[in-house]
Amino acid sequence: MRAVVLAGGSGKGLIPLTGGKPKVLLKVCGEAVIERVLRNLVSIGAKKVTLVTDKPSEFEDITVRFGRLLEFEVRKQSSGGIIGAMLEAKDELSNGALLVYGDTLVSAEAYEMTYVAATEYGVPTLMVVPEEDVRFYGAVFVDSRGFIKHFKEAPRERIEGAYAFGGIAVLNKELVDLIERDESIESAINGYVASGNAVKTALWSDWWVDVGYPINLLEAIYYVMMGWKTMRVASSAKIASTAVIEGPVIIEDDVMIDHYAVIRGPAYIGRGALIGAHTFIRPYTDVEAGAVVSSYSEVVWSLIGRGATIGRNTFLGYSVVGDGATVGPGALTKLITKPEEVGIKAIKVVKRRKEWYKIGCTVPVGSKVPELSVLEPGEIVKD
Amino acid sequence: MACGIVGIVAKEGVLRKPLGRVIRESLKKLEYRGYDSVGFAILTRDGRLIVRKSRGMIDNVSAKLGFDSFDGFVGIGHTRWATHGKPSDVNAHPHVDCGGTIAVVHNGIIENYEEIRAELTRLGHRFISGTDTEVIPHLMEEFKRQGASPYEAFKKTVSRLKGAYALAVIDVSTPDRIYFARSTSPLVVGLGNGANFLASDIPAFLEFTRKVIVLRDGEVGYLTADNVVVEYRPKAGNSEALWAPINLTGRVRVVEWTAEMAMKGGYPHFMLKEIHEQPNALASTLAGIEDQVTDVVKALSKAESVVIVGAGTSFHASYLGSLLMSNLARKRSVAIISSEARWHLRSLGEGDVVIAVSQSGETIDTLLAVREAKAAGALTIALSNVVDSAIPRESHMTIYTRAGPEIGVAATKTFTTQVAVLSYLAVKVAERVGAISAREASEYVAALRKVPDTAATIIAMHEAKARAVARRMAERTNAFYLGRGYSLPIAMEGALKLKEIAYVHAEAYPAGESKHGPIALVEENFPVLFTAVGRDDGGMIRSNIEEMKARLAWTLAVAPESLKEVLRAVDVAFKMPDLPEVAAVVAYIIPYQLIAYYTAVRKGHDPDKPRNLAKTVTVV
């Protein structure tokens, strides 16, 4: 099979973390979002992948690595947006290649299910997910036989009875031509269906993350780590005799873990990272390569970017720290929000039989948070 | 509904086993599409056309038909799921023409077959079966008699047909090929090395090739051992338009997945597929139900008492049936769990009726109950999804749910279709005995006829919410499902679903009884799921909800829109359409099926293969 991966866009909601680079290069547990997507494609037997991006030079490293596993082609997109990216791979999509949005994380089975359904039915097929709030996704209305009745792009209001488009599809020539003519997926699909053609849906029921905001990275960490069953410690890691490591924890090469540190899995400690004395790393924490978490700190369900530094005696929770950022000693994130608080998306946590909504802050790439700062829930820290 | 067809053309020695055996194995892989009757036709090397067919499942009749003993270059096969009309040896496919030289297998419905048959009868053709399919070989024979070549005759035949069909045809005069046509019903071509294949679905030939072409509506052609020809005529029905050959380059796909994945048709699990199939399954159950139940309704109306027996999910359907019989039809009625039935049935005698409910028709406990009931002198009626299975065979009368094969171990569409039949029966009996007026009865029947659409709406409106609820249920180890009256069996079925696939201990209880014990278990955030079908008499459900909320339980309700008080009182409300009770009992289970399914997925369990459970229980 052949696939087209759309890897353009820096992602408005993620600009503080990408610094203008493609958002699919953001790393979760040591692996970029795009690498997970490509690995899925390899695992379901993709023979050729066409990757469309506005910044081909950023993908050189990935081209080299995946070029060994499959026929790999990177195309530069000449016009913007998803439509522009799709039309760049018009030939492949017209021929029934599997279309994958590069910022969508889901297990390989979902790719396979969609591709199989498209082949079985011989018609274009979209993967859909039952989401309560379909705003900002494509809203798909489905009939009782699983075919699309109607498609609505990024509705502004809440809609009942629609499924969210999951960013995976198989198209055909007619549909791609309509997309080119109308410059709209919504109008193309509706027009195609209205003239008596069928578009099938494949319904995905397990986890699915559309990486658009920092909170989605935290969700992605959760789902990736949920699949971990065992601990793995690189032989070159130096772990102090009094440190405690429990549960499924992955510790990469040259990591240093100081005395009395506690790491409770699932957690990821990237290559060369340092965990200071008496520091407590709690579940769903992802410390990327070269990051430092200084002594007497506590980190829970957070992503600490490559080469970032967390000063001593800091409490960081449900937060995302960009690459190379510094969080001053003694900083404190406030977490608990009320769900009714508008404008903030938070993570629902069930603890001690109660539900809590928690979210920390976002620290932009390379920025510095002064010592003893108190960071509000949902705050994007300004340098 | 679904049938499966296969066609194989192979050069000598390519298949490495007799053609008959390959056809049998391919049909076996399509058995999920139906298994009422089976048949094949093979052109042997010495030019004879062998046609063998029988009702029954492939494994049971393969020795009788002698599949494995026939070899040849060209063969077709069929596995049938009877929806209308009995499965019988005569009605089984393939069908042949008068001369016995053309054999046809067909999946779908020919709408204008009566007209064609009348015409051909006038021309002297003799028909043996009652099927629509039989007109196809005769029509082709007729065109050949008028001078057309076999392929021309086939194309002319296809031009005359209206309806849905996937066809595979062999003709003794062209022993190297299979003709095929597709309109609506699925058909795929498999491209092998020295052998080509045709089937309703890809799994049939995955053993031999992974290169496939999915045929499109309106395409007609033939395949030989090393070639495939496909033609298309732009405007079907316009006999002036010309057939144009189709270029197949670019249409060939290489399949890299398993047969199981292909059968799921765009769903990650069979259970989710079957939940989504309920609107169509219900429509199929209700189509033509009148003719099926006429005698049963007469018998039930005369009965002194009606006992309904079933096991597992079928017991919950039975329980709903008995409540409807008692309340709507004013017929003394009780539901009994099959394995317990022997303790109750000895008191029965002539004048009593036992309805035995079993999806598979093979459930041993239910079968034993039927024997017990017959021995006691009661009339027995089977309600099953599998034609000619053991319980229908041993019962005096039978009704089929026609829900299509169910592969997921947890029953979903078979439950709703069983309830739809029992509900329909209760309405008809109530009308006949004068418990409700003819007008009420026709209103109820109209509501039942709308249930397929209602079910589709409920699935679309509540699936996302059920998935969100499942995140919470996945964290829990216990749950209560409460309801009164008609809601209780629904609560029981909901709890069973959660137990059997999500492994969350769930207990269903009559809502009014909950304060006589179970409420002691309720503490902060304990999930309590309420069902209210129709009305809330005297606000009793409402006060049960308050009892639970006072103990800080987390509450959910499945209730009709009009019960605003109930819906407002709970933490999560599944707002159902307002329906008469006879229809609500069919559709209100759907949110619970979805909650159980998504909870299992969230916890990482395979809902299709729950531990320790088998689909059909044939041991005591």
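In what sense do strand S24 (residues 554-560) of chain B and S25(B) pair, and over how many bridges? The two strands pair in the parallel sense over five bridges; two strands count as paired if DSSP finds at least two bridges between them. Strands (E, at least two residues) and helices (H or I, at least four) are DSSP runs numbered from the N terminus. The model is predicted, and local features need pLDDT of at least 70, side-chain atom pairs pLDDT 80 or more, whereas totals for chains, interfaces and linings use all residues. Residues are numbered from 1 along each chain as its sequence is written, chains are lettered from A in the order in which they are written, and side-chain values use heavy atoms, without hydrogens and water.

Within the pair, Val558(B) stands opposite Phe574(B) of S25(B). Both strands belong to an open sheet of five strands in chain B, with the order S22-S21-S23-S24-S25 and parallel pairing. Strand S22 (505-510) and strand S25 (572-576) of chain B each have a single partner strand, so one side of each is left without a neighbour in the sheet.

Chain A also meets chain B: 41 residues of chain A are in contact (heavy atoms within 4.5 Å) with 40 residues of chain B. One salt bridge is counted between the chains, where a side-chain nitrogen of Lys or Arg must lie within 4 Å of a carboxyl oxygen of Asp or Glu. The side chains of Glu131(A) and Arg467(B) form a salt bridge, at 3.1 Å from N to O.
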